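Let's take a walk through this protein together. Please keep the sequence and the 3D view open as you read.

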Amino acid sequence: MKPKKFINSAADAVDEFISGLLIQYPNHLRKLANHQVILHSSFATQNKDAHPNKSRVSLLSGGGSGHEPSHAGFVGENMLSGAILGGIFASPSVNSILAAIRAATLTSSEGGKGCLLIVKNYTGDRLNFGMACEIANAERRLVKMVVVADDCAIERKKGITGARGVAGTVLVHKIAGGAAGKGLDLDKVTKIAETVSKSVGSLGCALNTVTIPGADKVNDRLSKADDAGEPMMELGLGIHGEAGIRQCPLMSCDDIAKEMLSIIQSYGRDVDSKIVPLYKPNDELIVLVNNLGGTSNFEMSLLARSLVTQLEAAGCKAKRVLVGSFMTSFDMQGASVSILPCTGDISKDLLNLFDEKTDAPGWLAADVWNNGDNRPSASEIEEIVVEKDANAAENLPTVLINDYSAMAQAIVSQCAIALANAEPTLTKYDTIVGDGDCGITMQRGAKEVLSRLESKLLRVDNPVNTFADLADAVSASMGGSSGILLELMFRKASTSLQSVSGDGITPKDMAVAFRNGCEAVSFYGGAQEGSRTMLDAMFPASAAMLAGDGADMQASANAAQKGADATAAMISAEAGRSNYLSEEVLKGTPDPGAVAVALVLGTMAKALE
């Protein structure tokens, strides 16, 4: 299958990406003429006395395109001075790297503070950046280079190439950038960058690998199942989709985290020519959980939780946690974790430099807490529990409806029985014009009402309580949109009656409360009369009830039935699942919600005869 990408031409993609980046950040970024190089806008000055390199070391990085926001997204104050972009997954040229160095670095005689090149450990990058570094030094520009090789997937003794440079490079950018922003000289900035690069360890995993723009077909290397039919994943693959340590059946998030941490920990780091575990209990860590391009934010948060909780269970302190896209691989459905232990004499310095603020557009700052061992977010805000008012009955309005309790008991009981018995009819209608669950849902609610009525949990002493308890019964049993809409109606009716004026609740007040409930259903649900919903029975019934001051229930029932019948002739629906159906399907079948409303009001009218 041919890959689907938002692209015009693979050959022009990098230039067009740069153009899009400049549109997004018109004040922040500038392109270097004739080169695929992005510089901070402060380097646009023609006045050498105002050149940023007069006061601080410049930092440059780069590599093949396709890892965004690395590296152009990290151009900013206290981070990179500029980024050199190669083609898709291809090293930038010596000429472009040298042009970037010249733009960002003054000569010694001009008062330049020097430049540090931060390079990922790939042969092409090392050679091209190295050549540019040597040429620039011959021009009397002070330039040094640090190579980052943080990938723990490559065995230490596997050839001379060494570990790949991956997302841990971003932490070198950030901390070295903080050091440069503090005004430290080139030697000190370089030493700090080297310390970070030798200390950080990273590992990636993927559920599906990357397909680059311009490819003839989708890379389906991880799409096949194993012999048992289990989907496969890969541990340790590189940011270009290079094969990793191994493929294995898909694991749970916790197990993936456990495996990744085990590999990183055992890979270790070099301290005085001796390999020691990367981190140990009580170490303060910077943890970067990196989206490789195609993983949802939801899954990233799950993975971050698994990683950090396991690190903290091992006695470590995850002092800075970053989760997001830092060094991607186009659309790779995967993630990596980079762990930097802040230990030794400069541990506090590393954290302070890491915390230096930056305006780099791709940087996602960590949420820092400095007080205590436990992060404040671990403490929950107590829920406010509203207890039922023991004196609520004393505050209710008087009921001015003759024999209300007996009447309410009979009406609620008879309406619930009628609604439960109507399940087959409502299901038949909803199977045609909906998803088939209206009858079952209404029956479930009706049975819950009957149960609560029999157990005295549904009060019939006052309409305020009756409607509130009906709302609770519906909420506990019905579910779905019809359930929440009926609950809204009952709750609005209850609160309306709670604040009636005059001597107490009259039949007219009941009619007004019903009208308010109908309007609440319309407001929150978005439907109106004519939308082919239960409101086509409710609103006409409400109008008839108001016209009779709440005394003529038969007129209200007749209006509801007429409204429900009219929905059968409506050839379009504006709400609910019927909205998706054609005119031919809808014609001749009434809306089941409207039918249910008409049934209940008709039963009420008979009960009051």
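What follows goes from the overall dimensions to a sheet, its helices, a separate helix and a loop residue.

A word on conventions comes first: this is a predicted model, in which local features need pLDDT of at least 70 and side-chain atom pairs count only at pLDDT 80 or more, while totals for chains, interfaces and linings use all residues. Residues are numbered from 1 along each chain as its sequence is written, and side-chain values use heavy atoms, leaving out hydrogens and water.

Let's begin with the whole protein. Along the principal axes, its C-alpha atoms fill a box of roughly 105 × 60 × 55 Å. The radius of gyration is 35 Å, whereas a compact globule of 609 residues would come near 25 Å; the radius is taken over C-alpha atoms, and the globule rule is 2.2 Å times the number of residues to the power 0.38. The protein holds 19 helices and 14 strands, which are DSSP runs numbered from the N terminus (H or I, at least four residues, for helices; E, at least two, for strands).

How much of the protein is buried? Buried residues make up 49% of the 609, where buried means under 20% relative accessible area, exposed over 50%, and partly exposed in between (1.4 Å probe, protein chains only). The accessible surface comes to about 28900 Å², and 51% of that belongs to carbon and sulfur atoms; these areas come from the Shrake-Rupley method with a 1.4 Å probe, and for residues only the protein chains shown count as cover. Among contacts between residues at least 6 apart in sequence, 72% join residues at least 24 apart, a contact being heavy atoms within 4.5 Å.

Now find the open sheet of six strands, with the order β1-β2-β4-β3-β5-β6 and mixed pairing. Two strands pair if DSSP finds at least two bridges between them. The edge strands, β1 (29-31) and β6 (143-148), each pair on one side only. From one strand to the next, the twist averages 25°; axes are lines fitted to C-alpha atoms, for helices over the stretch in contact, and angles run from 0 to 180 degrees between N-to-C directions.

Helix α5 (residues 186-199) lies across β3, β5 and β6, at about 5° to β6.

Next, look at helix α14 (residues 480-498), whose 19 residues reach 27 Å from first C-alpha to last, close to the 27 Å expected at 1.5 Å a residue; the expected span is 1.5 Å times one less than the number of residues. Its buried residues include Leu485, Leu486, Met489, Phe490 and Ala493. Their cover includes α12 (438-454), α13 (463-477), α15 (507-525) and α16 (535-547).

Finally, Asp272 lies in the loop between β10 (269-271) and β11 (274-276). Asp272 is exposed, with a relative accessible area of 74%.
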